[in-house]
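Thank you all for coming; I would like to walk you slowly through one structure this morning.

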Amino acid sequence: MLRRFESIRDCGIFENYRWNTSVPDFERINLIYGTNGAGKTSLARALDGLDSESGGYPRVSIRMSNVNKGNDRQSSQTHDAEFEQVFVFSDGYVARNHDFGEDSEVEAVLTLGERTVENERRLTELNGVIVTTSRELTKVAKTSLNADKTLTEEHTTIARGVVTALSRAGGEYRSNGSYSKGVVRTRFAGSRTAWTLLSDKDKNTALATVNSDERQAVATESYSCTIRSELPCESAEALAASPVSVVLDTLREHEEASSWVENGRLIHEDLDTCIFCGGDLLADRKKQIEQHFSDEVEAAQRTTDALIQEIKTTRASLQGLLGDGAISGSLFDDLRDGFKKAHANAKTQVDVLDKWLERLLGALEKKRSNVVARVEYDFTQAPAVDGAKIEQALKDHNARVSEHATLVRQAAKKVELHLLKESEDKIIELDENAKQARTAMGDLEKTLRQYREEAAALENVEGDPLPSADVMAKELTRILGRNELSFELLPDGKHYQVTRHGKPARDLSTGERTAITLIHFLENVKRADSRSGKPIVVIDDPVSSLDNGASMGISTYIWSETVSKSHIGQVFLLTHNFELFRQWDIQIEGLPGKRGATNRTYPSNCFELIAPHEDVTGIKKRVPRFIVWPPNEDTRVKVRSSYHHAFITVARAHAALAVDSSMEKRLDAMLLYPNVLRRMLETFLAFKSPTSVGNFTNAMRDIGATLDDLGYMGDADALRLQLTRFMHANSHAETPETDAAVTPDEIGATITAAFTFMNAVDRHHFEGLCKVIAVEPSDLLLEAEPVMGANDYGLGAASIRAVVVAAPVVLVS
């Protein structure tokens, strides 16, 4: 027995339905009322597919138990043997089982006939095997579902890992909307020969490329420095040279004055007097000085000067060779560290070279101060500055700038294939588990299908459908109240021909078609295998678009087959027909024992299925919901007649206007309630003046003439004329124009006037109606001296609340 629908998804408006635990469980008899669009058909379709995996039990979770509420369990999107006992009469059943075409044929309902003993034994054996195999299939299907779920979850995890790592690469990696579990599934289904695991270094390099920002190209220049290869040799020769000359004794004793004398020689070249000491500068002394500073000396000096200048120039260029390294900030992240390391190494080399040049410069300057003297100097290998790695980093950066997008895509693909390769073994294992589970389930389904086909064939061997034809003809006569239609077996033994007075029936009415298909349905249910439990019957809107006669016949037939008889374990009747709902509610009331879930023989519950608009992730959608019906016992009394319902509806409008008499509320009331008000008065007048039924004006005039005699203290003619004029003007549209406006000013006063009129004509009757809805009669009446204003409603706050709370939200039938 189905107890509640814990969850339903992707079934019409049942997108993500959850059961409200405050709603009572289903019982043997379940009456469900819902207007069009509330979700009855969606619910019927969800239940119709329970026994199948495709669109069936994986979408629902149903709580079940036996009749005594033992063996409580929940299906949780898996198959249950109880589902095989569910029979649904709906548009889907009609489409699958009947074809009311030109041939007027209906699929035969075969009954058990005489069979051989061998067939009977085989059938018994098959039925037992089918039950066992069905149970085994339920377990295997659950295993398969779990295996597929685990595999899908792993696909999802991989997809999320790829997107997390590579989203900055854009393209298909930008989000899980583009790189989803489906993409991962496709990758694993294709070739995996290109998948490779990366080393940590290569992986980090690729990720750095993926996550790098697009950069600008940088200027490139030489960052290397090597001294002229001849410089050491030339310097050594210069330091060791000793030019041939006549050495002055004075300069021999004072070598430090050599450069001073050399400079003075050029100054005194044309002078005879020394400008330093004022003494005579004799020609012989000039000659001796010139001999001391011969041409060889001058040549040595020039050579030494050139070497000194070269070294100074080289040292100056070294200072700006490498810069401060700030250019590293413009490089790609993964090139930056290598550049900095190469720059630091090159800077060390610059320092070493500079020191080498500084020592050599000191020796040459010493030599220059007295070129005729030898200077001892220990030469070492000349160092160099190697900037190749710096230059390569800049070159790599500029190359990458020009093809950044390509490099990012290539790096992202490497990382993706690495991540897929990492998960390959686990996916292979999970996929194999899922395949084995699916294969096992497929084998069992095939076996079960073969068993059932064999059983069906044996059941139909030598079967006799004629009793079912007789039953269908008899029941159709009982439903429709006429015996003009009957069924005739066709020669193929599989179909019936519907005949009218012995001839093929053409153009069957909606009522006839509904009755035929319903009889066929319930005959099938009657012959269902009950070894796994009694059938559970769901009937969706069986009297839709039928006249009252056919509706009552079908309603009585359904009640007789599903409630009065005992072969059906549970019934769900879903309808939008308020009269059908009301009649079943009355019949349930009349069953033996106390009404409701505690009735031991006929436990029942009534529900209303509603679908209010609610906000679902920012979108207004209809959301189905079961609510208990009636909300209280008084409400059940109110809907037993449309007259009571009309009186309640008008009283509720009166109370609502007393609470809020805004222009908007009065306009709404003016549009909705004049028809209800007129129907209430017409019904009232029909009882008080039967001879005027159908003529509202005459009835009002006849009854109005008695108001004075009945003791009405107000203006009887004014009251009667006001109601008559209002009803004629507002209860029926007299023009097709859609822009005709209605005035809201009369509605409140007219409602009060109608109640006053009823009270004046039959006070006892009026007070009885008020008693039903627990409101004081005086709260609905005009003042003793009536003022026909729009806001004179005369209800106290307590009575207003009572009417608003008690009034049911049900359309007038």
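Predicted model: local features only at pLDDT ≥ 70, side-chain atom pairs only at ≥ 80, totals over all residues.

Let me begin with the disulfides: taking a disulfide as a pair of cysteine sulfur atoms within 2.5 Å, the count here comes to zero. Residues are numbered from 1 along each chain as its sequence is written, and side-chain values use heavy atoms, with hydrogens and water left out.

Staying with cysteines, Cys-225 counts as buried because its relative accessibility is 12%, and Cys-606 is buried too, with a relative accessible area of 7%. Here buried means under 20% relative accessible area, exposed means over 50%, and partly exposed lies in between, with a 1.4 Å probe and protein chains only.

Next comes helix H4, residues 181-189, where Val-183, Val-184 and Phe-188 are buried; helices are DSSP runs of H or I with at least four residues, numbered from the N terminus. Seen down the axis of H4, these buried residues fall within an arc of 135°, so they line one face of the helix, the arc being that of the directions from the helix axis to the C-beta atoms. On the other side of H4, Thr-186 and Ala-189 are exposed.

Which residues touch the most other members of the largest nonpolar core? They are Phe-647, Met-680, Phe-755, Phe-757 and Met-758, out of 45 residues in that core, and helices H19, H20, H21, H22, H23 and H24 each supply at least two residues of it. By a nonpolar core I mean a set of buried Ala, Val, Leu, Ile, Met, Phe, Trp, Tyr and Cys residues joined through side-chain atoms within 4.5 Å. Leaving out residues up to four places away in sequence, Met-680 touches, among others, Tyr-643, Phe-647 and Phe-755, where contact means heavy atoms within 4.5 Å.

Finally, turning to a loop, Ile-327 lies between helix H10 (295-319) and helix H11 (333-369), and Ile-327 is partly exposed, with a relative accessible area of 25%. Although Ile-327 and Val-218 are 109 residues apart in sequence, they are 7.9 Å apart in space, C-alpha to C-alpha. Beyond neighbours within four places in sequence, Ile-327 is in contact with Val-218, Ala-219, Phe-339 and Leu-394.
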